[in-house]
Amino acid sequence: MSTNSTAAIAGPQGSGKGGSGVGGVSDSASVARRLQSELMSLMTSADAGISAFPDGDNIFSWIGTIEGAAGTVYEGLTYKLSLAFPNDYPFKSPTVKFETPCFHPNVDQFGNICLDILKEKWSAVYNVRTILLSIQSLLGEPNNQSPLNAQAAQLWENQEDYKKTLHKKYREDTK
């Protein structure tokens with residue numbers, strides 16, 4: 001393996017600006033280095049219930065997995081997500097969607113997620129790990145003030161009924 005390949009895999013976790021990035025815009029090579037670094041960091045982290053890997057050979061397209069956190073109605077459920085990184089990542093957020101249907105106040109029927117750090121509160125300091133942990137946390141603590149799924153938001157107040165509906169839909173959707 002050449003030293004350039006090794007350097008790209010073990011590249012710095014810095015700001016992601018590298019190379020000829022100008023005014024907060026990165027070139028695709030520096031974005032690829034940042035994503036390779038994030039992959040290595042994620043693979044060595046001890047975070048329970050989250051994982052993500054590139055989808056095939058495309059470093060800009062990942063498949064993530066989150067498990068519902070212990071003590072929540074999502075405990076024991078596993079969800080697959082897609083993460084699509086733009087060429088100006090980390091200055092722009094990736095597009096993250098649930099691939100496994102998810103009954104949740106902040107997730108619509110198409111898998112779109114209403115989460116501020118993926119929109120107006122995005123920062124270049126966030127990474128795949130923080131995104132997955134935030135979504136895992138969102139499962140147990142939805143923002144019912146801005147629901148994408150009104151039925152789930154309304155049902156959330158009664159956790160017993162919510163859990164029954166959630167598990168029924170999960171079984172139907174993951175057959």
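Buried denotes a relative accessible area under 20%, exposed over 50%, and partly exposed the range in between (1.4 Å probe, protein chains only).

## Basis of the report

The model is predicted: local features need pLDDT of at least 70 and side-chain atom pairs count only at pLDDT 80 or more, while totals for chains, interfaces and linings use all residues. Residues are numbered from 1 along each chain as its sequence is written, and side-chain values use heavy atoms, with hydrogens and water left out.

At 37% relative accessibility, Met40 counts as partly exposed. Met40 belongs to helix α2 (residues 28-44); helices (H or I, at least four residues) and strands (E, at least two) are DSSP runs, numbered from the N terminus.

Together with Met43 and Phe53, Met40 forms a nonpolar surface patch with about 300 Å² of accessible area in total. Patches consist of residues with over 30% relative accessible area and no salt bridge, like charges being joined within 9 Å and nonpolar side chains (Val, Leu, Ile, Met, Phe, Trp, Tyr) within 5 Å. A salt bridge is a side-chain nitrogen of Lys or Arg within 4 Å of a carboxyl oxygen of Asp or Glu. Areas come from the Shrake-Rupley method with a 1.4 Å probe; for residues, only the protein chains shown count as cover.

## Aromatic pairs

The structure holds 10 aromatic pairs. Rings of Phe, Tyr and Trp (its six-membered ring) pair if their centres lie within 6.5 Å; planes under 30 degrees apart count as stacked, over 60 as edge-to-face and the rest as tilted. Tyr79 and Phe98 are paired edge-to-face, at 5.6 Å centre to centre and 90 degrees between the planes. Because Tyr79 lies in strand β3 (residues 78-84) and Phe98 in strand β4 (residues 95-98), this pair ties together parts 19 residues apart in sequence. Both Tyr79 and Phe98 are buried.

Tyr89 and Trp122 form a tilted pair, with 6.1 Å between centres and 40 degrees between planes. This pair links Tyr89, in the loop between β3 and β4, to Trp122, in the loop between β4 and α3 (128-140), 33 residues apart. Tyr89 and Trp122 are both buried.

The UniProt annotation "active site", from an unreviewed entry, covers Cys114; UniProt positions follow the numbering used here, feature names are shortened, and annotations may be inferred rather than shown by experiment. Cys114 lies in the loop between β4 and α3 and is partly exposed, at 26% relative accessibility. Beyond its neighbours within four places in sequence, Cys114 is in contact (heavy atoms within 4.5 Å) with Asn106, Leu138, Ser146 and Leu148.

Ser93, in the loop between β3 and β4, touches Pro86, Leu118 and Trp122, not counting residues up to four places away in sequence.
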